[in-house]
Amino acid sequence: MADLVDTNILVYRFDHRFPEKQKRASQLLRDGIAAGTLRIAHQGIVEFVSVVTRPVSGRKTLLSKTEACREAEDLLAMFPVLYP
């Protein structure tokens, strides 16, 4: 059975403010890639780029626009994507 990856999991992977959540998100994605059980909604990838390129609490963004686009391309290549 396949599982749908929530946008928060994608974001936590790059959010250094929450090291435990970051570690867990990374492990969940690695395990899902290995098992081939994860799916990502196209909307989740769009939301991911939006969130990680927005300043967090008046500080820097989690990723630059270039980095976010590169990560989005990697997600498109690594996971089956569900389109509307």
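Reader: Are Phe14 and Phe48 buried or exposed?
Author: The model is a predicted one, in which local features need pLDDT of at least 70 and side-chain atom pairs count only at pLDDT 80 or more, while totals for chains, interfaces and linings use all residues. Residues are numbered from 1 along each chain as its sequence is written, and side-chain values use heavy atoms, with hydrogens and water left out. Relative accessible area sets the classes: under 20% is buried, over 50% exposed, and in between partly exposed (1.4 Å probe, protein chains only). Under this rule, Phe14 and Phe48 are both buried.

Reader: How many aromatic pairs does a search of the whole structure find?
Author: Rings of Phe, Tyr and Trp (its six-membered ring) pair if their centres lie within 6.5 Å; planes under 30 degrees apart are stacked, over 60 edge-to-face, and the rest tilted. With the whole structure searched, the number of aromatic pairs is two.

Reader: Which geometry do the rings of Tyr12 and Phe18 adopt?
Author: The ring centres of Tyr12 and Phe18 are 6.0 Å apart. Their planes stand at 80°, so the pair is edge-to-face.

Reader: Which accessibility class holds for Phe18, and which for Tyr12?
Author: Phe18 has a relative accessibility of 34%, which makes this residue partly exposed. Tyr12 has 23% and is likewise partly exposed.

Reader: How is the aromatic pair of Phe14 and Phe48 arranged, and how many residues apart are its members?
Author: The Phe14 and Phe48 rings are 5.8 Å apart, centre to centre, with 50° between the planes, a tilted pair. Phe14 belongs to the loop between helix H1 (7-12) and helix H2 (19-35), and Phe48 to helix H3 (residues 42-52). Helices (H or I, at least four residues) and strands (E, at least two) are DSSP runs, numbered from the N terminus. The pair thus links distant parts of the chain, the separation being 34 residues.

Reader: At what distance from the ring centre of Phe18 does Lys21 lie?
Author: A charge sits over a ring if NZ of Lys or CZ of Arg is within 6 Å of the ring centre and within 35 degrees of the ring normal. Lys21 lies over the face of Phe18, and its distance from the ring centre is 5.2 Å.

Reader: Which residues touch the most other members of the largest nonpolar core?
Author: A nonpolar core is a set of buried Ala, Val, Leu, Ile, Met, Phe, Trp, Tyr and Cys residues joined through side-chain atoms within 4.5 Å. The largest one here has 18 residues, and those touching the most other members are Leu10, Ile40, Phe48, Val52 and Leu75.

Reader: Which elements each supply at least two residues of this core?
Author: In soluble globular proteins, nonpolar side chains tend to be buried together. In this core, at least two residues come from each of H1, strand E2 (38-41), H3 and helix H4 (65-78).

Reader: Where on helix H3 do its buried residues fall?
Author: The buried residues of H3 are Gly44, Ile45, Phe48 and Val52. Seen down the axis (by the directions from the axis to the C-beta atoms), they fall within an arc of 100°, so they line one face of the helix.

Reader: Against which elements do the buried residues of H3 pack, and which residues does Ile45 touch?
Author: Packing partners of these H3 residues are H1, E2, H4 and strand E3 (81-82). Ile45, in helix H3, counts as buried at 6% relative accessibility. Contact means heavy atoms within 4.5 Å. Not counting residues up to four places away in sequence, Ile45 touches Ile40, Ala72, Leu75, Leu76 and Val81.

Reader: How many residues apart are Glu71 and Arg13?
Author: A salt bridge is a side-chain nitrogen of Lys or Arg within 4 Å of a carboxyl oxygen of Asp or Glu, and the count comes to two. In one of them, Glu71 meets Arg13 with the closest N and O atoms 3.4 Å apart. Glu71 is buried at 17% relative accessibility, whereas Arg13 is partly exposed at 27%. Glu71 is in helix H4 and Arg13 in the loop between H1 and H2, a separation of 58 residues.

Reader: With which residue does the side chain of Arg17 meet in a salt bridge?
Author: Arg17 is partly exposed, at 40% relative accessibility. The bridge spans 2.6 Å, N to O, and the partner is Asp15.
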